[in-house]
Amino acid sequence: MKKLLAGVLVFVGLLAIAWVSLLMSGNIANYSVSMILNVATGRPGASIDEQSAQQHYTLPDGFSVQIFANDLPKARFLRFTQAGDLLVSRPHAGDIVLLEPDRDGDGYSDARRTVISELDRPQGMDFDGEWLYIAERERIGRIRFDHNAGATVDHYEDVVTGLTGDGNHWSKTIRFGPDGMLYLAQGSTCNICVESDPRRATIMRFRADGSDGEIFATGLRNSVGFDWSPVDGALYATDNGRDMLGDNFPPCELNRVELGNFYGWPYFNGNNVPDKDMGPDPLAQQRLPVAPVHGFRAHNAPLGISFVDGSDWPGDFDLVALVALHGSWNRSEPDGYEVVSLHFSDNGIEERTFLGGFNQDGNILGRPVDVIQGPDGAIYISDDYAGAIYRVSTDTPAQRPNALDALNTAADTTTPDWVAQSDVQALARQGAALYQQHACATCHEQGENPLPLVEVSYDAIERALVTPQAPMPLLPLSETERRALAAFIVSGQ
């Protein structure tokens, strides 16, 4: 036991030394701690509510943002079903969650449920007719999906197996291309190295049944997001540049990806600048690196990308792709943490901030991951740091009702039988402790726009605790505890 404890202490000490060394190098800063822990372990990051989003997040004139769903830790990639439900992958939870559309007009998803679980780090998803394809850490699987019911059917089956999921960039992203082929992006195992598995740091493609797999393009260190231009069908992919070369080099990249091309990594960075740590490319006689068509700022970590239809939007959004910048960790000052619009024209590609404000002077409110246009024309953005899905539209923000008022409308306002059968004063004392334990006052009594708990019924409170409406969290309460809180609130606190 003493040897084990000594070993643990030595390991922790080495980690501390490594961390201090990195801090002293200037390549990272203290803010990076929460970023790294969030990515590596799924540890929760920030939390965001409607008021903070409205106060801090910025958009071009004519757009508004609302929280479509929250309390979704490590929400990553997004895909809409044919019925308009939104699927959200959660690699650290090992599941895919379905969010129903907002049919009651309050701006929030009406309901959620898990459609499949017990997966190995699922990230990318796409549909091919009635099949839902899912990219896990070491395989691609599929299962039949009933779009109308919003549910999986039958059993999950393998499509592509034998992939490697070790190293830094274990996640896999998939999309079906215009050619009907299944495209797979998988990142490198390392910051800078020669891969033992030639399929890593590439984009591959397969037939829908997983056969005839081939490497489509190489030298892509971590191309998490990709999409096809609606104009010419060209494939564009984001790519994360390497770390530990300072704050401002190398740039992250947008590449126009074509069959057989080599995009530089690990021997070249940015606009084909040779990497000093690798030396000459031993295959230089067989290939030449292709430079990116656009450079993002260094360490901005571009992830999801979607070409969107902005023809009805205010301003210049004729041919635009939106890109989620996850934000830096390998930088002395944080950068990125926004969704940008890339405007394509004959003069090149212009990058503009679309949804900003996630970085409040080093206080990181969220980290965008994926961006997708819904069937309603609005833009949906996942945030794995705050565990939220945002909806950006040109609509007037929905007027969100007081959750308890809405429940009271449908609730039974008569006094339930359990009240007469209980020691209500004792329950109220227990409820007071629960009210304090779960910090209910922070929303209901404090802040600029508190939600006062007045003139509410026992039934309404119990309903709110069983099926809370965002931003109210789902609390792990027993029936007795829910009644105790109701007794405390109805008694007038």
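Predicted model: local features only at pLDDT ≥ 70, side-chain atom pairs only at ≥ 80, totals over all residues.
Residues are numbered from 1 along each chain as its sequence is written, and side-chain values use heavy atoms, with hydrogens and water left out. The protein chain has nine helices and 28 strands (DSSP runs numbered from the N terminus: H or I of at least four residues for helices, E of at least two for strands).

**Overall packing**

- Of the 493 residues in the protein chain, 52% are buried (under 20% relative accessible area, with exposed meaning over 50% and partly exposed in between, using a 1.4 Å probe and protein chains only).
- Take the contacts (heavy atoms within 4.5 Å) between residues at least 6 apart in sequence: 56% of them join residues at least 24 apart.

- Leaving out residues up to four places away in sequence, Phe354 touches a list of residues including Pro60, Phe63, Trp313, Phe317, Leu322 and Val392.

**Helices H6 and H9**

- The axes (lines fitted to C-alpha atoms over the stretch in contact, with angles from 0 to 180 degrees between N-to-C directions) of H6 (residues 424–437) and H9 (residues 479–490) come within 7 Å and cross at roughly 95 degrees.
- That makes H6 roughly perpendicular to H9 (65 to 115 degrees; under 35 is roughly parallel, over 145 roughly antiparallel and the rest oblique).
- On the H6 side, Leu427, Ala428, Leu434 and Tyr435 are among the residues that meet H9, whose partners include Ala484, Leu485 and Phe488.

**Ile134**

- Ile134 sits in strand S7 (residues 131–135) and is buried, with a relative accessible area of 0%.
- Beyond neighbours within four places in sequence, its contacts include Ile96, Ile116, Leu119, Tyr156 and Ile174.

**Cysteines**

- A search of the whole structure turns up one disulfide (a pair of cysteine sulfur atoms within 2.5 Å).
- The disulfide joins Cys190 to Cys193, with S to S at 1.9 Å, and is left-handed, with -85 degrees about the S-S bond.
- Cys190 and Cys193 are buried, Cys252 is buried at 2% relative accessible area, and Cys440 counts as buried at 14%.

- Most residues other than glycine have a negative phi, and most peptide bonds are trans.
- The Phe249 to Pro250 peptide bond is cis, with omega near -5 degrees, and Pro250 is in the loop between S15 (235–239) and S16 (252–257).
- Trp265 and Pro266 are joined by a cis peptide bond too, with omega about 5 degrees; Pro266 lies in the loop between S16 and S17 (268–269).
- Met244 has a positive phi near 70 degrees, lies in the loop between S15 and S16, and is partly exposed at 30% relative accessibility.
- Asn272 has a positive phi of about 60 degrees, is in the loop between S17 and S18 (273–274), and is partly exposed at 24%.
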